[in-house]
Amino acid sequence: MSGINMKTNEIFHADFDFAKPKSAFIFKTIVDPFIGRYSLIKVRSGVFKTDDLVYDSRTQEEAKIGKIYILRGNKAEEVPELHAGDLGALAKFGNAQTGDTLSTRANPIQYAPMDISKPYTYLRYRAAKKDEVDKVQQALAKIMAEDPTFRAVNDAENHQTLLYGMGDLQLDIVRERLKDEYKVEIETEKPKVAFRETIRKTSDVEYKYKKQTGGHGQYGHVKMRFSPSGNMDEPYEFAEEVVGGSVPKNYFPAVEKGIAESCERGPLAAYPVVGVRAVLYDGSYHPVDSSEMAFKTAARQAFKKGFMEAGPVLMEPIVSLHVTVPDTYTGDVMGDLNKRRGRVLGMTPKAGGKQIIDADVPMMELFDYCTVLRSMTGGRGEYSYEFARYEQAPADVQSAEVAARAQKAAEGFAEG
């Protein structure tokens, strides 16, 4: 077993020799609600003793070894030291993770990390009881420490929390473990797709916000043009072409803030807006009643009106999908991808009578792909994907999302 000496850049041959500098590899982490956290190690060289100071090459930190154990069944037996070739466990050891190499600062060794598969199956989740949110997060953190193929992610952009795993079965097991071991429950559902909204045409609108209350009123009046900016990486571009001081300069930032806030939840289906150019070219103000708040409100209403008049469209995320399957299943897999609105870009032969199928597929169509691919190929197919770009969603997808947004808004209004 060989590693790299990080100080000299020379190859370090461990050879399970107890006379060489100490080194060990963490091959598993156990985080048990009752017995605590253990880092399971295989000692590859030297001797590890209680109170030794060891160095983690990933974190570049030193930590003192506390108690050393040998695990026998479900019992942990304390031992004073571990020799090269031994398997053992370190209790509550620093910030170490599965795949880390432990050595000394004088001879820092790095072994090849574990080849860990990337999880692609995901579900949206929430704590079943609101007062258990923190307990759920703590329990998931412990499960993630144990299993590098499982991830819990906070998708702030789409206001959802997600669980990623290697398949539906793994996520089902996590849900059961939360219930049985950690005494908390979660609810899971289909994730929200990260759609975007943009416009295809131009519009010219004006909006006058006028409100009279006791004392000062509110007055803000804007005339604006909206058009596609061509930059789909940014929500908006703002410009002003006001002449003659019809809108004072000190209100321009308020108008831009109104546009920025409007882009967070678009008027079409409440998804983030991208690629809009907004130009303030005229308006009017009141010397007493005008305020930044009034102009921000006027800009928000103008955006809402102008966006809906400028050919609003929904953009959906497209991923580059790579499916590896035995030759005999290529026809079935390609047929299924066509049903998912996928575009097959080509096939590449691979050793062992396999084919790699490359395709562009809408993200929303991959929700249950892990289960379907396993079923189609008898468990012999595997896949990976990465985000590619946004494309305009078909009319039926857009109308379904708009209708869902309208229904949600109606339910919210009814509850209010």
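The views below show a predicted model, in which local features need pLDDT of at least 70 and side-chain atom pairs count only at pLDDT 80 or more, while totals for chains, interfaces and linings use all residues. Residues are numbered from 1 along each chain as its sequence is written, and side-chain values use heavy atoms, with hydrogens and water left out.

View 1. Helices (H or I, at least four residues) and strands (E, at least two) are DSSP runs, numbered from the N terminus. Glutamate 157 has 47% relative accessibility and therefore counts as partly exposed. On this scale, buried means under 20% relative accessible area, exposed over 50%, and partly exposed in between (1.4 Å probe, protein chains only). The C-alpha atom of glutamate 157 is separated by 8.1 Å from that of alanine 194, 37 residues apart along the chain.

View 2. Most residues other than glycine have a negative phi. With a relative accessibility of 16%, alanine 270 counts as buried.

**View 3. The open sheet S19-S20-S22-S21 with mixed pairing.** Four strands form this sheet; two strands pair if DSSP finds at least two bridges between them. Strand S19 (203–211) and strand S21 (236–240) are the edge strands, each pairing on one side only. On average, neighbouring strands are turned by 25° against each other, direction ignored. (Axes are lines fitted to C-alpha atoms, for helices over the stretch in contact, and angles run from 0 to 180 degrees between N-to-C directions.) S19 and S20 are antiparallel and share nine bridges, with lysine 210 opposite tyrosine 219 in S20. H3 packs on the sheet, where it touches S20, S21 and S22, and its direction makes about 160° with that of S21. H4 also packs on the sheet, touching S19, S20 and S22, and its direction makes about 35° with that of S20. Contact means heavy atoms within 4.5 Å.

**View 4. Methionine 224 in strand S20 (residues 218–228).** The relative accessible area of methionine 224 is 0%, so this residue is buried. Leaving aside residues up to four places away in sequence, methionine 224 touches a set that includes Ser203, Asp204 and Val205, Val255 and Ile259, Ala278 to Tyr281, and Ala302.

**View 5. Helix H3 against helix H4 (residues 292–308).** Two packed helices are described by the angle between their axes and the distance between the axes. For H3 and H4 the angle is about 45° and the axes are 7 Å apart. H3 is therefore oblique to H4. (Angles under 35 degrees count as roughly parallel, over 145 as roughly antiparallel, 65 to 115 as roughly perpendicular and the rest as oblique.) The crossing is right-handed. (A crossing is left-handed if the near helix is turned anticlockwise from the far one by less than a right angle, and right-handed if clockwise.) Among the H3 residues in the contact are Val255, Ile259 and Cys263, and among those of H4 are Phe295, Ala299 and Phe303. By class, the contact has seven nonpolar, two polar and five charged residues. (Ala, Val, Leu, Ile, Met, Phe, Trp, Tyr, Cys and Pro count as nonpolar, Asp, Glu, Lys and Arg as charged, and the others, Gly among them, as polar.)

**View 6. Helix H5 (residues 330–339) packed with helix H6 (residues 369–377).** Their axes are 10 Å apart and meet at an angle of about 150°, so H5 and H6 are roughly antiparallel to each other. H5 passes H6 in a right-handed crossing. Asp332, Val333, Asp336 and Leu337 of H5 make the contact with Tyr369, Val372, Leu373, Met376 and Thr377 of H6. Six of these residues are nonpolar, one is polar and two are charged.

**View 7. Strand S25 (residues 354–362) and its pairing with S23 (residues 312–326) and S24 (residues 343–350).** S23 and S25 are antiparallel over nine bridges, and valine 319 stands opposite valine 361 in S25. S24 and S25 also run antiparallel, joined by seven bridges; valine 344 has alanine 359 of S25 as its bridge partner. Three residues lie between the strands in the hairpin of S24 and S25, where glycine 352 takes a positive phi near 90°.
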